[in-house]
Amino acid sequence: MTVWGPALVAPGRARFRLWAPDRAAVTLERDGAGPAPMTRAADGWFEVETAAAAGSRYRFRLDAELAVPDPGSRRQSGGVHGWSVVEDTSAWRWENTGWRGRPWEEAVIQEVHVGTLGGFAGVAETLPALAALGVTAIQLMPVNAFSGNRNWGYDGVLPFAPAESYGSPDDLKALVDYAHGLGLMMFLDVVYNHFGPDGNYLGAYASGFFHAGIDTPWGGAVAVDKPPVHAFFRENALMWLTDYGFDGLRFDAVHAIGNDDFLDQLAVELRAATGPDRHLHLILENERNDSDRLSPERYDAQWNDDFHNVMHVLLTGETSAYYADFAERPADRLARCLAEGFIYQGEGSPNHGGTPRGKPSAHLPPTTFISFLQNHDQIGNRAIGERLTLLADPAKLRAATALLLLSPQIPLLFMGDEDGSQSPFLFFTDFHDDLADAVREGRRKEFAKFPAFADPAARERIPDPNAEATFVQSRPAPGPEAGAWRALHAQLLALRHEAIVPRLMGARAIRAEAIGDGAVVARWRMGDGARLTLAINLADDSVAFPEIADPLFARGEAGAPGSFRAWIER
């Protein structure tokens with residue numbers, strides 16, 4: 001039985017439940033119908049079965065002053081402070097009923113923000129071109145309901161309800177169905193470590209949903225060790241995977257959840273519920289570089305921030321904030337990343353005061369690691385939201401793109417990369433009044449420690465997150481060399497699917513080594529016994545590349561700055 005959210009139990013009747021252990025009484029309010037007192041059951045649950053059909057609007061009355069939406073609401077009407085809506089989750093008629101997904105080794109992921117692309121229907125319009133390019137998976141940034149009409153994705157408060165400004169639940173199902181018809185996997189980013197600052201009413205009736213004594217950047221830690229809370233997130237994950245047909249989930253910042261038992265149990269439950277007949281892919285973002293969480297029974301892969309961070313240092317020369325951890329011997333660090341996955345495997349992190357970070361990862365296959373040159377975090381967390389097209393030498397960025405797309409690790413692109421976009425991706429919200437002021441000033445204060453924004457006048461240049469113009473600027477537009485960038489991506493992805501993907505199962509690193517201040521050679525024994533060699537030079541001086549005939553791909557004069565080579569030796 002579903003624990004959270006409404007359930008249609010018979011034609012014209014529904015069951016409503018709410019975990020409200022802090023309340024003595026709760027009443028169900030229905031738009032256009034009389035109130036229905038709810039019965040208090042064991043462990044703080046309130047329940048009522050009454051007349052309601054799909055489309056009925058409802059909310060929970062806590063007292064004379066406060067009525068709240070259902071935290072398990074499948075659909076909202078009037079925003080996160082408005083009415084919840086009963087949804088018939090089984091009504092959608094799928095066209096691609098035979099879809100079972102694709103093997104993980106085939107994944108080439110494109111991360112996209114639904115709002116900047118015009119909602120679910122707008123994302124659908126981009127899919128044929130991406131499929132033709134060689135992308136095989138679309139990862140949507142969070143789509144659940146947030147305060148206002150626009151948000152960069154991580155201030156959601158109703159995890160079960162798609163944001164109204166993006167489209168209806170059926171619009172999202174239509175997007176997933178359409179993607180499957182094009183051969184594209186669909187992944188969704190879910191946030192289980194915190195709730196946004198506006199529209200989260202859980203504390204008004206279920207304070208035990210959080211551990212007040214465990215601090216996080218967003219307040220008390222989510223109490224995933226409690227059965228009702230664990231069920232909340234398990235049911236949410238299963239809803240996306242079953243009701244909506246997503247092929248996988250990316251779990252945001254699980255280090256902030258702080259409970260490995262929850263993560264492990266959740267993975268087991270999701271795999272058991274979806275069964276062995278479909279390809280299910282579970283992905284972590286985990287600052288702790290915890291290799292123990294990565295296995296076929298748990299999580300398929302982790303976003304490898306180490307790859308991005310060291311590549312960013314090599315491409316831009318920036319060494320402030322967390323890039324300080326990668327400032328010394330960056331070529332050696334890149335070599336370790338290519339050969340072993342994580343760069344930090346228990347070493348002290350300067351950016352964390354010398355605290356050890358990570359666990360050994362060399363035993364894991366390269367497909368356990370998702371590599372990227374940039375993503376929503378690494379662009380959006382910059383004050384001005386600049387992309388690498390504005391920060392890096394073009395030739396070196398093209399070489400880095402070749403390394404990303406021909407490496408045995410799983411590549412991830414951010415929307416617009418394929419077109420050489422120079423559009424910023426900024427931090428944007430739609431808060432109002434005091435919260436809007438606090439977010440704007442907090443954003444500017446955050447960058448006061450950086451030399452470029454030490455002057456208050458300079459900080460005024462940081463875009464106001466709540467201004468609609470900030471959101472509009474974040475829509476990805478093709479760059480001035482879009483044709484050349486798209487051709488490069490098409491060429492590299494064709495080579496990947498032809499020469500790399502069929503050999504990924506069973507691939508293992510042989511070794512990788514620095515051959516200069518910004519140059520690396522890496523070698524892998526592929527699953528069919530062939531040897532893959534990649535060489536890249538991101539330094540300003542030439543180096544000697546291996547002398548191997550007939551490269552699979554070549555860019556630039558061998559060993560020159562910005563050059564790259566790939567070879568397959570059988």
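This is a predicted model: local features need pLDDT of at least 70, side-chain atom pairs count only at pLDDT 80 or more; totals for chains, interfaces and linings use all residues.
Local features need pLDDT of at least 70 and side-chain atom pairs count only at pLDDT 80 or more, while totals for chains, interfaces and linings use all residues. Residues are numbered from 1 along each chain as its sequence is written, and side-chain values use heavy atoms, with hydrogens and water left out.

- Helices (H or I, at least four residues) and strands (E, at least two) are DSSP runs, numbered from the N terminus; two strands pair if DSSP finds at least two bridges between them.
- Strand 11 (residues 109–112) pairs with strand 12 (residues 137–140) in the parallel sense, over 4 bridges.

- Strand 5 runs antiparallel to strand 6 (residues 45–51), and 2 bridges join them.
- T39 has E47 as its bridge partner in strand 6.

- Q345 sits in the loop between helix 6 (330–340) and strand 21 (347–349).
- With a relative accessible area of 11%, Q345 is buried (buried means under 20% relative accessible area, exposed over 50%, partly exposed in between, with a 1.4 Å probe and protein chains only).
- The side chains of Q345 and E340 make a polar contact of 2.9 Å; such a contact is a pair of N or O atoms within 3.5 Å, where within protein one must be able to donate a hydrogen and the other to accept it, and residues adjacent in sequence count only if both atoms are side-chain atoms.
- A polar atom of the Q345 side chain lies 2.7 Å from the backbone oxygen of F342.
- Leaving aside neighbours within four places in sequence, the residues in contact with Q345 include R336, R357, K359 and P360.

**Salt bridges**

- A salt bridge is a side-chain nitrogen of Lys or Arg within 4 Å of a carboxyl oxygen of Asp or Glu.
- D306 and R357 meet in a salt bridge of 3.1 Å, N to O.
- D306 lies in helix 5 (residues 305–316) and R357 in strand 22 (residues 355–357), so the pair ties together parts that are 51 residues apart in sequence; both residues are buried.
- R398 and E481 form a salt bridge at 2.7 Å, N to O.
- R398 belongs to helix 8 (residues 394–406) and E481 to the loop between helix 11 (468–473) and helix 12 (482–500), so this pair ties together parts 83 residues apart in sequence.
- R398 is buried at 9% relative accessible area, whereas E481 is partly exposed at 44%.

Definitions and conventions. Contact means heavy atoms within 4.5 Å.
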